[in-house]
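Reader: I have a new structure to look at, and I would like to learn how to read its features. Could you walk me through them?

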Amino acid sequence: MGFFDTLNQARTQVYVISFVCFLCPGMFNALNSLPTAGPAAQEVKDKQNASLYFCFAIMGLLAGGLNNILGPRILAAIGGTGYAIYAAAQYNIFKVQGPKGTDPITDAANTFSIFSGAYIGLCAGQICLTYPTESQKGTFFATFWVIFNLGAVLAGPEGYAMNDAMYLIFIVLMASGSVVAFLIQPPGTIIREDQTQVETPPTNVLREFVEILKLFANPAMLTILIPCMSSNWFYTYQFGPFGGYFSGRTNGLKAIFYWLGQAAGAWVLGNMFLDNTKYTRTARAWTGVYLMIGTTLAFFGGGAAFEYVASAKDFVKIDAGTDFGRFIGPFLLYVCYGLYDAFFQVFTNYLIGAISNDSETLSRYAGFYKGTQSAAGGLSWALNGFVFTGEKALTSTAQFWVMVIPCTVSLIFFALFTKTFVKDTTDENPEHGSSIKAH
């Protein structure tokens, strides 16, 4: 049986949306993790990302309903074009190298990408949460996360010599994501691996609007709100001040292993722990909570120690070629940050997927996750790009603690959500069918 003959199978659709994200947000992450030419260019980048993420928040919330009405194929295809145009805007900033990068061309490109880029993440969330069986939800999301982040891994070496040709490659690859998106099939045609079919009841604009509003009164969504908002919060520090401690070529090297760490972390947690059928789902969820507590203390403890050393006035940028001994410790710390990001996002999505199997419901939940995640991500970029600028700019140590606090607070809500909402059976709302046994 050929690849195209399996397009209506759940696992194949996860591969398709993963490859779309490999080409679009994967390349976006690679671009975003590269250092800028200086403080002025970094400020432009911060402002651009703040605007992008704030509007992603609005579109992400609405995209859950739009996905139920239009389907993931259309939304993902539109989203791919948005990422390509974002890359074109980044190229414009690269050419101008400073505050003048915010010209009408950049603003127009951002406007389009704002209204389309959020769609791909929503489609990925809906597919990865809805199409697996009960025993595959961690594995399917981990598979997606591995393939998605390999985009940033393969694009990492390009960061050594960003020039006109390299930016063109990014633009073409992102645009290709729109083409691959046409392989996404309508949800109602998808067959899970237990041979059940994904159900998609008829809906309409008014119903979706009302259901989206209800999310903000949903006890489960309100409990997971802080973790959702924290799941992109750390990028501002990791891609900004932390990168400033390294030379340009060393930044490119460590970025490759950061994304490899993300891929490895997703697979270890999603496949080896959260879908280990030797244990009940509640036991697996609590294992995730304990893992998040341990890694938060260990990784951020190491980060605090490094910040103490790096904040010294006589600190010299780290270069792997000239002083590998100084490089290895901070390098391993950055890989741990990549692991932590994967753990955080996989576990948050696993918890959301554990409370429903309904396609429509999970589409809205995925929209809530992406919307609130983007709102907080926009806030983190805005603090650097609009509020704390010039003489008021936060020190790297202050930005480190701004990153740590929300992640630490999230641990409380991970535990509360697991205790209150995660069960060994998924009890659907009566209108969505009967409960399904967790294997």
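Reader: Where does G240 lie?

Author: G240 sits in the loop between α12 and α13 (248–274). Helices here are DSSP runs of H or I with at least four residues, strands are runs of E with at least two, and both are numbered from the N terminus. This is a predicted model, in which local features need pLDDT of at least 70 and side-chain atom pairs count only at pLDDT 80 or more, while totals for chains, interfaces and linings use all residues. Residues are numbered from 1 along each chain as its sequence is written, and side-chain values use heavy atoms, with hydrogens and water left out.

Reader: Is G240 buried or exposed?

Author: Buried means under 20% relative accessible area, exposed means over 50%, and partly exposed is in between (1.4 Å probe, protein chains only). G240 has 18%, so G240 is buried. G240 also lies 9.9 Å from W381, C-alpha to C-alpha, although the two are 141 residues apart in sequence.

Reader: How many salt bridges are there?

Author: A salt bridge is a side-chain nitrogen of Lys or Arg within 4 Å of a carboxyl oxygen of Asp or Glu. By this rule there are six. In one of them, E134 meets R281 at 2.4 Å, N to O. E134 is in the loop between α6 and α7 and R281 is in helix α14 (residues 281–310), so this pair ties together parts 147 residues apart in sequence. Both partners are buried: E134 has a relative accessible area of 6%, and R281 has 3%.

Reader: Which residue forms a salt bridge with R207?

Author: The partner is E360, with the closest N and O atoms 3.1 Å apart. This pair links distant parts of the chain, as R207 is in helix α9 (residues 205–214) and E360 is in helix α16, 153 residues away. R207 is partly exposed at 23%, whereas E360 is buried at 3%. E360 also meets R364 in a salt bridge of 3.7 Å, N to O. Those two are four residues apart in helix α16, so about one helical turn separates them. Salt bridges that share partners join R207, E208, E360 and R364 into one network.

Reader: How many cavities does a search of the whole structure find?

Author: On a 1 Å grid over the protein atoms alone, a cavity is a set of points where a 1.4 Å probe fits but cannot get out, and lining residues have an atom within 4 Å of a point. Grid points are joined across faces, edges and corners, and a volume is the space filled by probe spheres set on the points. The search finds two cavities of 30 Å³ or more.

Reader: What about the second largest cavity?

Author: The second largest cavity holds about 100 Å³. Of its 11 lining residues, T236, Y237, S380, Q399 and V402 lie nearest the centre. At least two lining residues come from each of α12 (235–239), α16 and α17 (396–421).

Definitions and conventions
1 Å grid on protein atoms, 1.4 Å probe; cavity = no way out; pocket = protein on both sides within 12 Å on 5 of 7 lines; lining within 4 Å.
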